[in-house]
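Morning, everyone. Please open the model on your screens, and I'll talk you through it.

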Amino acid sequence: MLSLLTLATSALAQQAAAPCAPEVLAPGFVSLPEQEEYRIVFTPDGRTAFWGVSTDFFPISRQSTIVFSEWRHGRWSEPRVAPFSGEFSDIDPFVSPDGRYLFFSSIRPVEGVAREDAELWVVERQGSGWSEPRHLGAAVNSTSDELYPSVDAWGTLYFGSDRPGGFGGWDLWRSRRRADGSYGPAENLGAALNTSFWEFNPTVTADGNTLLFASIDRPDGFGSGDLYVAERRHGEWKPARNLGPSVNTALDEYHPSLSADRRTLFFVRHQYEPFVPGELYHVSARAAGVYTWGVGPYADQED
């Protein structure tokens, strides 16, 4: 419990230093040996955490549930199933920079028609709760998988998909939010970021100028999957940089996310031989080579 307090992005914990080398996140509370953990995110005030869990590995089982914990009366509450999750397979929560929306991936019926692919959904904050989930529409979603949504302060949506038309098996895509709140057609992020290998799990910062993601089997990689960071300058994404051995290992690293103050990097590390369920880790973003917190979240967007 104290471990979670130290690293969570509450008003107090934002000032606490994250470890300089990756450590398992809140063992026995968030990270449990008998389950898989997936991306963790916090509300802007740092008082609510959302993450995904499953008994079996999602790429195989296609099953996951989103849970949450709240900071109340000086302690974190026991994790509970999020009110919009639990009936269908849900994963990859992401809270918008203003805290108004929570995006996630789900395998659930669309307009009453069952789907087997993962698609992107959103719920809106309503008082102390959340609205019914809303499908992000056919301009964003396809008959392939769409996973791992994140948005910047302007609502531009970033996600990974294995849809046709990309550079490799999985690519990074974006969709711009329209004035009416709907989303325009998906746009591939291009050859500066996407390769003939797999790129997925994009997390964009609020200012829209830094993108963290995972990639598999790139020549500069250290193992199965590695974490990368890319910067956008003068409206263009520059080639991504491997975060290096301070984060990446011979194991599989994926599902990057940042604390609200951008000082802490969270990610999942997974071992396959022998098979050990994936666990969430945390590390100082600076120690990991991610330098983003000096830019205000509502600075002028370059585009």
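I'll start with the whole chain and then go to a few residues.

First, the ground rules. This is a predicted model, where local features need pLDDT of at least 70, side-chain atom pairs count only at pLDDT 80 or more, and totals for chains, interfaces and linings use all residues. Residues are numbered from 1 along each chain as its sequence is written, and side-chain values use heavy atoms, with hydrogens and water left out.

Now the overall picture. The protein chain has two helices and 23 strands. Those are DSSP runs, numbered from the N terminus: helices are H or I with at least four residues, strands are E with at least two. The radius of gyration is 18 Å, close to the 19 Å that the globule rule gives for 303 residues, so the chain is as compact as a globular protein of that length. That radius is taken over C-alpha atoms, and the rule is 2.2 Å times the number of residues to the power 0.38. Along the principal axes, the C-alpha atoms fill a box of roughly 45 × 45 × 45 Å.

How much of the chain is buried? Of the 303 residues, 55%. Buried means under 20% relative accessible area, exposed means over 50%, and partly exposed is in between, with a 1.4 Å probe and protein chains only. On contacts (heavy atoms within 4.5 Å), take pairs at least 6 apart in sequence: 47% of them join residues at least 24 apart.

Charges next. There are 25 positive and 40 negative side chains, and the centres of the two sets lie 7 Å apart. Lys and Arg count as positive, Asp and Glu as negative; His and the chain ends are not counted. Each charge is placed at NZ of Lys, CZ of Arg, CG of Asp or CD of Glu.

Let's go to Val 283. It sits in strand 23, residues 275-284. Val 283 is buried, at 1% relative accessible area. Which residue 264 places away along the chain has its C-alpha 5.0 Å from that of Val 283? Pro 19. Leaving aside neighbours within four places in sequence, Val 283 also contacts Ala 18, Cys 20 and Val 247, among others.

Ala 18 is in the loop between helix 1 (2-7) and strand 1 (23-24). Ala 18 counts as buried, at 14% relative accessibility. Beyond four places in sequence, Ala 18 touches Arg 263, Thr 264, Val 283 and Ser 284.

On to Ser 31. This one is in the loop between strand 1 and strand 2 (36-42). At 1% relative accessibility, Ser 31 counts as buried. What does its side chain meet? A polar atom of that side chain lies 2.8 Å from the backbone oxygen of Leu 25. A polar atom of the Ser 31 side chain also lies 3.4 Å from the backbone oxygen of Leu 280.

Last, some backbone geometry. A cis peptide bond joins Glu 273 and Pro 274, with omega about -5 degrees. Pro 274 is in the loop between strand 22 (264-272) and strand 23. Asn 201 has phi near 60 degrees, a positive value in a residue other than glycine. Asn 201 lies in strand 16, residues 198-204, and counts as buried at 6%. Asp 217 has a positive phi too, near 65 degrees. Asp 217 is in the loop between strand 17 (210-216) and strand 18 (225-233).

That's my tour. Thanks.

Technical notes. A polar contact is a pair of N or O atoms within 3.5 Å; within protein, one must be able to donate a hydrogen and the other to accept it, and residues adjacent in sequence count only if both atoms are side-chain atoms.
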